[in-house]
Amino acid sequence: MRILIAEDDEVLAKFVRQGLEGENYTVDVVADGEQARNAATESDYDLVILDLSLPKLDGVSVLRQLRLKKPSLPVLILTQRTKVEDKVQCLDGGADDYLAKPFAFSELSARLRALVRRSHLPSESVLIIGDLKLDRVQRLVERAGRRIELTAKEFALLEYLMRNASRHVTRSMIIEHVWNLTFDTTTNVVDVYINYLRRKIDDGQNVKLIHTVRGVGYELSAPAEVRGQTAEVQA
């Protein structure tokens, strides 16, 4: 799950980012309103954490423009403003939640989970390919009912592969969406993490789900008969 933090307090932004990454979220941080507007409207995010007192473009204006282009994108306001009129303005303007600073990270995390539960259909919050299940809200992964422990980056990589199931994804696509970096042809980090996932997901299994596409990248998919069985179980 990918979250955008729009916060000009560098120390606070780093604190929130590290906390969320520790819970297996993929996190981007921007420091002004113009960057927030551009990033949120041009890239795919599951949720935005938005400060109101941003340079260049204030948070209320960012919220207003976001609602015009992405009306269903969950937005949590995180601000020092505690006046009732500020809360009313933001909630009436389309914010999904409002949390005042200072705050407990555990409360922020719980509010984010609640927003995700409310904003996603069950089929979107729980990804299932064959006998592999990934719960994006509870941050759980199981294969054939067996719990699989993943690091934050492994979880983000598996989520990306499952969201693009049966599609070829290149190394550059993975680097951009999972690591938020421009692809460097000299790095083998994607291949290394794919191998980590294969050991945890596919080792010991008769049906392999993670496949190498020569000259392209990777694909996560299950055989047709397995997909059919999964559909019958879900039905």
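Start by selecting helices H7 and H8: H7 passes H8 in a right-handed crossing. Bear in mind as you look around that this is a predicted model.

Keep both helices on screen and turn to their geometry. Their axes lie 10 Å apart, and the packing angle is about 125°.

Next, show the side chains where the two helices meet. On the H7 side, pick Lys153, Ala156, Leu157, Tyr160 and Leu161; their partners in H8 are Met173, Ile174, His177, Val178 and Trp179. Colour this contact by class and you will find eight nonpolar residues, one polar and one charged.

Now widen the view to the largest nonpolar core, which has 28 residues. Val141, Leu158, Ile174, Ile201 and Leu220 are the ones with the most contacts inside this core. To see where the core draws its residues from, select helices H7 (152–163), H8 (171–179) and H9 (189–201), then strands S6 (126–129), S7 (132–135) and S12 (217–220): each gives two or more residues. Which element gives the most? H7 does, with seven residues.

Zoom in on Val141 for the next stop. Leaving aside residues up to four places away in sequence, Val141 touches Leu132, Lys133 and Leu134, then Arg146, Arg147, Ile148 and Leu150, and also Phe155, Leu158 and Ile201.

Note on methods. Residues are numbered from 1 along each chain as its sequence is written. This is a predicted model: local features need pLDDT of at least 70, side-chain atom pairs count only at pLDDT 80 or more; totals for chains, interfaces and linings use all residues. Side-chain values use heavy atoms; hydrogens and water are left out. A nonpolar core is a set of buried Ala, Val, Leu, Ile, Met, Phe, Trp, Tyr and Cys residues joined through side-chain atoms within 4.5 Å. Buried means under 20% relative accessible area, exposed over 50%, partly exposed in between (1.4 Å probe, protein chains only). Helices (H or I, at least four residues) and strands (E, at least two) are DSSP runs, numbered from the N terminus. Contact means heavy atoms within 4.5 Å. Axes are lines fitted to C-alpha atoms, for helices over the stretch in contact, and angles run from 0 to 180 degrees between N-to-C directions. A crossing is left-handed if the near helix is turned anticlockwise from the far one by less than a right angle, and right-handed if clockwise. Ala, Val, Leu, Ile, Met, Phe, Trp, Tyr, Cys and Pro count as nonpolar, Asp, Glu, Lys and Arg as charged, and the others, Gly among them, as polar.
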